Amino acid sequence: MTAAHRPALALAAAVCTLLGTAAVALAVYAGPAPELSSYVSEAGASDSATVWAYRIGLLATAAGQVLLGAALPAVLRLATGLLVASAVGTVVSAGVSCRAACPLPPFDRVTLADLVHGGASIAAVAGTVFAILAVAGTTGVARPLRRISVTAAAVALPLSAVAGLTLLLVGRSVLMGAVERLLLLDLAAWGVAIALILGLARAPATLNLFPPEPRGAHAPRPSLRSDRPQGEVER
């Protein structure tokens with residue numbers, strides 16, 4: 001992927017992420033459990049009237065993740081791989097619906113579909129969080145990208161820790177619902193911000209957003225041998 005194509009991919013990623021987030025938010029608001037104590041996934045439960053709005057929103061978000069991964073500079077290959085893995089989890093989460101109230105262990109009895117949906121959703125979130133950390137921790141990345149990623153990571157890490165502990169110790173609750181929504185909003189905001197920086201930068205070369213590709217490993221090396229005949233002494 002050349003640097004010339006990456007701004008267009010980045011802008012497409014921003015559009016897909018915004019549309020996907022809006023569709024999921026609308027499904028949650030119009031779904032069977034709009035209260036804060038519910039899981040976001042309940043809008044996509046198998047018997048919910050908003051299941052298709054929820055699925056379309058997740059698929060649009062997954063497309064945004066893949067496009068953003070393709071738009072990142074070559075130095076961020078790890079972040080690209082993590083975003084693609086996160087997109088796979090998002091697609092699985094969209095395709096496998098949980099039951100009403102999306103039961104999860106250790107407080108509820110679950111089916112295989114509940115476990116697959118919950119596991120895929122957690123994996124998708126974790127993949128994006130690690131992608132944020134990869135951008136924040138990679139040297140040679142443009143300062144605007146690292147600054148936004150450091151800020152997003154500072155929000156995502158404590159929210160992820162609280163979400164994990166709440167899921168294990170409390171379960172479905174107002175705290176879990178609030179933390180889940182804040183975490184998802186942080187991840188979506190990071191994706192849109194990074195995509196807009198990559199897509200709207202007026203001088204990508206000046207910002208070092210798309211550094212030149214490294215030379216091939218088989219590039220000719222300068223010879224260290226002298227051209228003087230053997231035995232000739234330099235005067």
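Trainee: How many cavities of 30 Å³ or more does the structure hold?
Mentor: This is a predicted model, in which local features need pLDDT of at least 70, side-chain atom pairs count only at pLDDT 80 or more, and totals for chains, interfaces and linings use all residues. A cavity is a set of points, on a 1 Å grid over the protein atoms alone, where a 1.4 Å probe fits but cannot get out. Rolling a probe the size of a water molecule over the atoms shows where empty space is left. Counting cavities of 30 Å³ or more in this structure gives 1.

Trainee: What is the volume of the largest cavity?
Mentor: Grid points are joined across faces, edges and corners, and a volume is the space filled by probe spheres set on those points. For the largest cavity this comes to about 30 Å³.

Trainee: How many residues in the lining of the largest cavity are charged?
Mentor: Lining residues have an atom within 4 Å of a cavity point, and here they are A27, V28, G31, P32, A33, P34, S38, Y39, V40, E42 and A43. Ala, Val, Leu, Ile, Met, Phe, Trp, Tyr, Cys and Pro count as nonpolar, Asp, Glu, Lys and Arg as charged, and the others, Gly among them, as polar. By these classes the lining has 8 nonpolar and 2 polar residues, and the number of charged residues is 1.

Trainee: Is E42 buried or exposed?
Mentor: Buried means under 20% relative accessible area, exposed means over 50%, and partly exposed lies in between, with a 1.4 Å probe and protein chains only. E42 is one of the residues that line the largest cavity. Its relative accessible area is 4%, so E42 is buried.

Trainee: Which residue meets E42 in a salt bridge?
Mentor: Side chains of opposite charge can pair when their charged atoms come close. A salt bridge here is a side-chain nitrogen of Lys or Arg within 4 Å of a carboxyl oxygen of Asp or Glu. E42 has such a contact at 2.8 Å, N to O, and it links the loop between α1 and α2 with the loop between α5 and α6, 130 residues apart. The partner of E42 is R172.

Trainee: How far apart in sequence are the parts that E35 and R172 tie together?
Mentor: The side chains of E35 and R172 meet in a salt bridge of 3.8 Å, N to O. E35 lies in the loop between α1 (6-30) and α2 (51-71), and R172 in the loop between α5 (143-169) and α6 (174-200), so the distance in sequence is 137 residues.

Trainee: Which residue forms a salt bridge with R99?
Mentor: The structure holds 3 salt bridges. In the one with R99, the closest N and O atoms are 2.7 Å apart. R99 lies in the loop between α3 and α4 and its partner in helix α4, so the pair ties together parts that are 15 residues apart in sequence. The partner, buried at 2% relative accessibility, is D114.

Trainee: Which helix supplies the largest share of the nonpolar patch?
Mentor: Nonpolar patches join side chains of Val, Leu, Ile, Met, Phe, Trp or Tyr within 5 Å, using residues with over 30% relative accessible area and no salt bridge. The patch consists of V66, V84, V88, V92, L112 and V116, with about 470 Å² of accessible area together, by the Shrake-Rupley method with a 1.4 Å probe and only the protein chains shown as cover. α3 (77-95) and α4 (112-137) each supply at least two of its residues. The largest share, 3 residues, comes from α3.

Trainee: How many helices does the protein have?
Mentor: Helices (H or I, at least four residues) and strands (E, at least two) are DSSP runs, numbered from the N terminus. Read along the sequence, the pattern is α-α-α-α-α-α-α. There are 0 strands, and the number of helices is 7.

How values were computed. Residues are numbered from 1 along each chain as its sequence is written. Side-chain values use heavy atoms; hydrogens and water are left out. Patches are made of residues with over 30% relative accessible area and no salt bridge: like charges are joined within 9 Å, nonpolar side chains (Val, Leu, Ile, Met, Phe, Trp, Tyr) within 5 Å. On a 1 Å grid over the protein atoms alone, a cavity is a set of points where a 1.4 Å probe fits but cannot get out, and a pocket is an open set with protein on both sides within 12 Å along at least five of seven lines; lining residues have an atom within 4 Å of a point.
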